[in-house]
Amino acid sequence: MTFTAVPLTLYPGMFPGPLGHSMAGRALESGTWQCAPVQIRDFATDRHRTVDDTPAGGGAGMVLKADVLGAAIDHAVTAHPDLPILAMTPRGTPITQARVRQLSAGPGAIILCGRFEGYDERIFDARPIEEVSMGDLILSGGEMGALLLLDACIRLLPGVMGAASSGDDESFENGLLEYPHYTRPVNWEGRTIPEVLRSGDHAKIAAWRKQQAEDHTRLRRPDLWERHIDARARPASGARRKEKD
């Protein structure tokens, strides 16, 4: 199965963009994934190829038209009927590594890239679209968010990272931030690689890495830490048990 990315965008030239380089680029050349951007403007019906209009009720900016978006989405769905439809929007559900893994295990995604003030709301009532966000920030358009999402998915495709276990200990994979890494030289500007990492004792190294991951998560991302200890405290039956310090 080839993972297929179908960005719906006013700027198809932005794809594959940076995903045409490095691991993702090699995977694209080998056919592990394919990129099939769709120009939203092709589905405008007037002679000026208008894709946006002023917001109903007044206000600043322009809004992408529902009729044009609907036609573009329908075209993409006809060509790729098995792909889920996602829309990049700041109000969407924040993307997680768990959702990325789900997407990367599937056939790909149709990704609607917004511009201007956003989308005519009726498009979400009329089509089965999952609204997703890449974080609490505003971009010029959804294309950069789509590239981030696709990069996260593509690197998990079989063979892209090389060893299948390469991503297992990374940040967010196990509910924690990743432990710190070191490499040669052993001494640099008076700073030394922790002795435990030079000990050759794999059990001690594993314990140190686990503790570092927990400490970093607790101090830097207390929100992740709270979710982690909550999940750890919940037994398989779903019943809650008291968390022991």
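I took helix axes as lines fitted to C-alpha atoms over the stretch in contact, with angles running from 0 to 180 degrees between N-to-C directions. Helices (H or I, at least four residues) and strands (E, at least two) are DSSP runs, numbered from the N terminus.

A note on the source: this is a predicted model, where local features need pLDDT of at least 70 and side-chain atom pairs count only at pLDDT 80 or more, while totals for chains, interfaces and linings use all residues. Residues are numbered from 1 along each chain as its sequence is written, and side-chain values use heavy atoms, leaving out hydrogens and water.

**Helices α6 and α7**

I looked up α6 (residues 202–220) against α7 (residues 222–233) and found an angle of about 125°, with the axes 5 Å apart. The pair is therefore oblique (under 35 degrees is roughly parallel, over 145 roughly antiparallel, 65 to 115 roughly perpendicular, and the rest oblique). From α6, the contact (heavy atoms within 4.5 Å) takes in E214, T217, R218, L219 and R220; α7 brings P222, L224, W225, H228 and R232.

**H228**

Next I picked H228, which sits in α7. H228 is buried at a relative accessible area of 15% (buried is under 20%, exposed over 50%, partly exposed in between, with a 1.4 Å probe and protein chains only). Setting aside neighbours within four places in sequence, I found H228 touching N174, G175, L176 and E214.

**Strands around β6**

Then I turned to β6 (residues 85–94), which runs parallel to β7 (residues 108–113) with four bridges between them (pairing takes at least two DSSP bridges). L86 has I111 of β7 as its bridge partner. With β8 (residues 129–133), β6 pairs in the parallel sense over six bridges, and here I85 faces I129.
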